[in-house]
Amino acid sequence: MTLELNAHVPAGPIEQKWDAHRFAMRLVSPTNKRKHTILVVGSGLAGASAAASLAELGYPVKCFCFQDSPRRAHSIAAQGGINAAKNYQNDGDSVRRLFYDTVKGGDFRSRESNVYRLAQVSVNIIDQCVAQGVPFAREYGGLLANRSFGGAQVSRTFYARGQTGQQLLLGAYQALERQIGLGNVTMFPRTEMLDLVVIDGRARGIVVRDLVTGAITSHAAEAVVLATGGYGNVFYLSTNAKGSNATAIWRAYKRGAAFGNPCYTQIHPTCIPVSGDYQSKLTLMSESLRNDGRVWVPKAKGDARAPAEIPEAERDYYLERKYPSYGNLSPRDIASRAAKEVCDEGRGVGPGGRGVYLDFADAIKRLGAPAIAERYGNLFEMYERITGEDPYRRPMRIYPAVHYTMGGLWVDYNLMSTVPGLHVIGEANFSDHGANRLGASALMQGLADGYFILPYTIGEYLAGAKLTPVETSHAAFKGAEREIAERTKRFVGSAGSRTVDDFHRELGKILWEQCGMARNAAGLADALQRIPQLREEFWRDVNVPGSDRELNQALEKAGRVADFLELAELMCRDALQRKESCGAHFREESQTPEGEAKRDDEHYSYVAAWEYQGEGKPPVMHKEPLTFESVHLAQRSYK
Amino acid sequence: MIDLTLHVWRQASREAPGEFVSYAARGISEHSSFLEMLDVVNERLTREGKEPIAFDHDCREGICGSCSMMINGEAHGPQKGTATCQLHMRKFKSGDEIWIEPWRSRAFPVLRDLCVDRSAFDRIIAAGGFITANTGGAQDANAVLVPKSRADIAMDAAACIGCGACVAACPNGSASLFTAAKITHLAMLPQGQPERYRRVEAMVARMDAEGFGGCTLHGECQEACPKEISIDVITRMNRDYIEAQFATRHEAKAGAGSG
């Protein structure tokens, strides 16, 4: 099999690429749009905005989500904000600066042309969301307010209290519901995609399971869009929603879509630490808290005094000390590793010593408690509900946790995967964030893809594809349905001794230890031994109660974990081949004398795109070289 | 660690009859969340060869609105302003008996155990809970000024997570708090004005058609709401609804003959 890895980046100066490309792309006439059904899988920011926008253009759209309503997709949990190069604060922001910050934040491992386009359309997103009635924070004069976020020295983040993701998602959801009401979108909630159907080399449909009745059905179409989010739940404990999963992108990978940079996982520095074995997920405390909170640990090892009893002179504000110009607003990968480092030294706080303080005492003294409550009130309440501690009186305890995956299905400039007709948007694609995503950029990318990029680029595909109609009676659909039925039978017929969660927890532990915040060759090799063994044991000894013809949450989980058990191996494989450190991917073998990530541009300035070769065969890695014409490649410094 | 006795509503499907089944939940950590307590019980049930309890949940941080259970007769349980997923077991003590039921409402049929069908809420939004603004045509975001006080009221209402606790808590099974929260959010903003009256009429009509009860201002909804949305929004909805009767009649007259 030969795989073509052509990014189809338009020629010309970076500022003019998107504009020129928009003119060069073919259009689909309004009467022909009616003949092209598009399937959108996922209803988060990317999926809902794409489904609504495509339906507005006149395409018949079917949209699928596993939740009971499209409004519940995990984009809803994003707290802090969304970036846009509006320069409303007159502090020197511009499209070029947002572009540069994003490429640098991603440690020079993203595709320049895509990032520039992202920065360009960022301004349209804010306009669109305001028109929809998203209640962004305002100044007293009625203008929009902004806040700062990590990895930037300008204030370009728009927000709606600590619920920005919720409000943006509800804006997209309402646009989607409007199209559903008009009959332009057919919505399939509580429905999970279980396979992609490829006919004559093109994505022509999907097979889904109705999660209430268990019925397996097929849907044929002219194009398929995956907007199914990231795969952070492969670690079991993450800030993702419990249902977030990799099944859709994994099945697409097994049908020929290349997987880009699977090892790039973002570990978010400010999450509530693990409290016990029963822990089912980790809760993020927005990065925006680092605007006013100061991160510290005691200078002395094993200092068990209450935080208030530790005098100033005996505290180490380590981010301010190590990175004086960015301080507490250092990028996520750097802040996470610094936290791990001080805890590894034995200076961590709280039960188990895996925690650092995020202290608001100075900000409360400076601004008063009401001002802090205005900014972060709901986050403080959330913290207190979970931990039983009051952050107005006692510093928060935080620790890094898996949050976002920069890796995902490889896409070209048109957001199309290596399977023609299969488009991938939002966190599900390998995306614009390189090896590390900056705060408030996920919402930006999801909405950029869904509102302003895919609706154009999908037209280019449809106008040129010359598709003949296919029916779900086609052998490819029937074959995929049969495979799913067989797999499902294996699960429900199993009467092993271990629960699905039990396997998932064990997998997560292997990954967190060997493919988490720090990685090395020996650890990754060990993981590559243990994961296939665990997978074999899973299929032999898993216990899935109930039947397949009913609402069966254990069966849903089993299918997702089976896919995680395969994906985890690919992540380790990718982490092992990338011997450099870059962004969130920290190889212990490759660090500067100060312990910072050391890139190797000569050998690793590429996107690793993995191609599936069939059961039991090692996947093949292809390289998309990354060249930088508009930014100067530099070792990142936030000092 | 605490020991509890659970009485959980078990129902195999929409059509099947349901019943309370009792389970001992021993050795539960006070620091676990209510849903993590149910996870522990489900793991034990699975190991005993029994079917685990089905319940809706997803984000587990109080924002997606999936979780939906009556705990000792209260929607989302005893802690004010808290969804079930953020309720922690330190609110209970050893020896407690806990009754767990699905939302109770004709408009939310039970699908299995504690899972209900809340798609009626989506249909209320589809009827008019939006601002018509196709992608691409928006003017600069700062061209519309929104006074901070109005933006704050809009945000208070927009905080609704669509969980349905308001309906479950209401003696009439009314969806007024949910519907009025969206109406208030959009009516507070200048962008929401052009469709203001059409919106309230369409959403209220849909709410009634879905089989929700009428509002008699008991106020149980605002007590149960995990986002503490005030019933003030219902007053706003009612006022807009009455105004709409005049406004839309006028609009219909003005629109006639305009082609």
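Modeller: Before we start, helices here are DSSP runs of H or I with at least four residues, and strands are runs of E with at least two. The model itself is predicted.

Biologist: Understood. How many helices and strands are there in chain A?

Modeller: Chain A contains 17 helices and 19 strands.

Biologist: What percentage of chain A is buried?

Modeller: Buried residues account for 60% of the 639 residues in chain A. As for contacts in chain A between residues at least 6 apart in sequence, 73% of them join residues at least 24 apart.

Biologist: Let us turn to chain B. Which domains does the assignment give?

Modeller: Chain B is assigned domain 1, covering 2-112, and domain 2, covering 119-255. The centres of these two domains of chain B, taken over C-alpha atoms, are separated by 30 Å. Their contact involves 19 residues from domain 1 of chain B and 16 residues from domain 2 of chain B.

Biologist: What classes of residue are on the domain 1 side of that contact?

Modeller: The side of domain 1 of chain B that touches domain 2 of chain B has 9 nonpolar, 7 polar and 3 charged residues.

Biologist: Now the two chains together. How many residues are in contact?

Modeller: On chain B, 67 residues are in contact with 63 residues of chain A. Elements that each supply at least two residues to the chain B side include helix 1 (34-47), strand 6 (110-112) and helix 5 (176-187) of chain B. Helix 1 of chain B gives the largest share of that side, 7 residues. By class, the chain B side divides into 29 nonpolar, 23 polar and 15 charged residues.

Biologist: You mentioned helix 5. At what angle does it pack with helix 6 of chain B?

Modeller: Helix 5 of chain B and helix 6 (residues 196-209) of chain B pack at about 170°, and their axes are 10 Å apart. Angles over 145 degrees count as roughly antiparallel, and these two helices of chain B are therefore roughly antiparallel to each other.

Biologist: Which residues meet there?

Modeller: Helix 5 of chain B contributes Thr179(B), Ile183(B), Leu186(B) and Ala187(B). Among those they meet in helix 6 of chain B are Arg196(B), Arg199(B) and Met203(B). The residues of this contact divide into 7 nonpolar, 1 polar and 2 charged.

Note on methods: Residues numbered from 1 in each chain as written. Chains lettered and ligands numbered in written order. Predicted model: local features only at pLDDT ≥ 70, side-chain atom pairs only at ≥ 80, totals over all residues. Domains from an automatic or database assignment. Contact = placed C-beta atoms within 7 Å. Nonpolar A, V, L, I, M, F, W, Y, C, P; charged D, E, K, R; others polar. Buried ≥ 20, exposed ≤ 12 C-beta atoms within 10 Å, placed from the backbone. Axes fitted to C-alpha atoms, helices over the stretch in contact; angles between N-to-C directions. Parallel < 35°, antiparallel > 145°, perpendicular 65-115°, else oblique.
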